[in-house]
Amino acid sequence: MVTSIRPSATTVAIIGMGSRGLGLLERLVAHCLTRPAPVTVHLVDPQPPGPGFHLADQPDHLLLNTVCSQLTAFADERMVEGPAPLSGPSLAEWCQERDLRLADDGRTVRVGEGHRIRPNDFLPRRLLGEYLAWAAEAVVAAAPDCLTVVPHRCEAVDVRPGPAGTEVVELADGTLVDADAVFVTVGHHSLYRPAAPAAEPRLITRPYPLPEALDGIAPGERVAVLGMGLTAMDVIASLTLGRGGRHEPHASGTRYVPSGREPGIVLANRSGLPSRSRPYLAPDRVRCAPLALTADAVARLRSRRADGRLDFAADVLPLVEAEMELAYHRTVRARECGDPAAADREFAERVREAGYETLLEECRDRWGPAPLDGILSAAAAGRQWADHDAYTRWFTGEVAADLVEARAGLGVSPLKEALEVLRDHRDVLRTAVDAPGLDDASLARFFGEFSTTVNRLVIGPQLDRSAELLALVEAGVVRLGPGPRPKVIAPAGQGPWILESTALLRPASVEADHVVHAHVHEPSPARVPGSLLATLAAAGRIRTLGSRGGPAHGLAVTREGQGIDLAGNTQPRLFFLGPHTEGSSYYNHYVPSPGLPSRALMDAELALSTSLPSVITRKR
């Protein structure tokens, strides 16, 4: 039976109620609290609002890679352009209010047992899911009488143009919702769906959900884990800590004590380079404004291009490199004078007087060049190793050296401050990608080599994970694969997988019983059979960026988030926000941080003000 819901006031539908959908709802509630207007909002998600992919049943050894003080579901006035009448705790404060404590193992959280959770702790992902679920209830409870919230624990299967300039959302149970605007915020939608069958039963193409995806790997077998980022660290943790092993303090740092239920793990990736650890975040660290990599500089460069599209290598990359070098030298100066804020003021004043190029020359004359050459390369920069042992020594030495910098932390380590530019000034990089964006070759490079390198440099594992990796190598549970770009040879019959070296002077190979692809890439929205996005793409209501070539295959949207159809027309009432728009913008998969401008929430506000100008008034 089809049920049709007709709007009696302004009506909107939010499809997908993870953190992006919750941000839209929070902004709508905030504006209606400030200036009441009759609005009905339909929340469409088969899961409870809030958690999204941060599932509550995940084991504690699957950690967030953002410290808990940098995660919040509530906007403050520094985060948004509109009102912020709602207030609520960050994840860190929420945990402290409930006396949740962290055990000495750095991952187990219980009430009243362990040390008080600190602002720079990395917590289990399940806690973020629980926090977001609680926050969603708090946001709904705060809604004024003029705002009616209608939940639908159901999946949306289609969105079609409706009568009188509306959109009709069709739900899996047959319900039809007539809306003045529809916001699709389905997040990592493909990860909720069953993975396509692998061509070989001992190949795991998607290692989630954990640990179930790895249940077919028996103790004592050997598994090749391809990838060295966060997904690979999740897989290793699930095969070691998740099987009863433990890490304990030792004179050399950390020692791994096996349970006997682990497989042997071979770790390899294309570049041969390890991911750098997330650094310690000092509470008093000074976050400096950009000096070279500024939105105004990007706008000036764009104005010189006839079509407004930037050449990333020629226009933007030099600004990135200059900003990183300035951050390095500014930290050296801060250590010299003992006052980071004074060093920041000194550098900013010198740039105003003479420009950042002059300041860089002065810094090089005073302290020598910053050791950053080649750091933004996605490859091992032509390195060669005599054999597997030489490569292993080099790799573990790199991890150990980076750990020293990570433990020194931001504000102390000039290298980590230089790398943090890639996180601190992500909004400026977004202005380069925002329409009219980058030329086709630059778009391919940005979302290929550059974004991959950024992830390796600053979106890496928690520093404890890196220490644990060294302990696992020392214990013989993990061994490095045969260098960069190994050739992976599929088994013949019941034989083993084989990884052969391609970058060692003395060839080496290793056998494995299983292979895990430990790098999760969201497929093109048009290529997830049965999904809402695939349905909309098949109908021509949306198009992807795949036609431009390269790895960027997210949805084409306007700066306001409106979808663009196959004919190039803007869909005025159909909005898309979140990871499936990657390519039209940059780094769309994150939870907002308190006290800092939040692109996620400002994008939500921009989409709402575009669709509901009589309800949403932005301050700027």
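Me: How much space lies in the largest cavity?
Reply: About 160 Å³. A cavity here is a set of points on a 1 Å grid over the protein atoms alone, where a 1.4 Å probe fits but cannot get out. Volume is the space filled by probe spheres set on the points, and grid points are joined across faces, edges and corners. This is a predicted model, where local features need pLDDT of at least 70, side-chain atom pairs count only at pLDDT 80 or more, and totals for chains, interfaces and linings use all residues. Residues are numbered from 1 along each chain as its sequence is written, and side-chain values use heavy atoms, with hydrogens and water left out.

Me: How many cavities of 30 Å³ or more are there?
Reply: The whole structure has 8.

Me: Which residues lie nearest the centre of the largest one?
Reply: Val-557, Thr-558, Arg-559, Ser-585 and Asp-603, out of 17 lining residues. Lining residues have an atom within 4 Å of a point.

Me: How does that lining split by class?
Reply: The largest cavity has 4 nonpolar, 7 polar and 6 charged lining residues. Ala, Val, Leu, Ile, Met, Phe, Trp, Tyr, Cys and Pro count as nonpolar, Asp, Glu, Lys and Arg as charged, and the others, Gly among them, as polar.

Me: Which element gives the largest share of its lining?
Reply: Helix 13, with 5 residues. Helices (H or I, at least four residues) and strands (E, at least two) are DSSP runs, numbered from the N terminus. Strand 14 (246-250) and strand 15 (253-257) each supply at least two residues as well.

Me: And which residues are nearest that pocket's centre?
Reply: Asp-104, Asp-105, Gly-106, Leu-463 and Asp-464. The lining has 29 residues: 11 nonpolar, 7 polar and 11 charged.

Me: New topic. How many disulfides are there?
Reply: The search finds 0. A disulfide needs a pair of cysteine sulfur atoms within 2.5 Å.

Me: Is Ile-15 buried or exposed?
Reply: Buried, at 3% relative accessibility. Buried means under 20% relative accessible area, exposed over 50%, partly exposed in between (1.4 Å probe, protein chains only). Ile-15 sits in strand 2 (residues 10-15).

Conventions. On a 1 Å grid over the protein atoms alone, a cavity is a set of points where a 1.4 Å probe fits but cannot get out, and a pocket is an open set with protein on both sides within 12 Å along at least five of seven lines; lining residues have an atom within 4 Å of a point.
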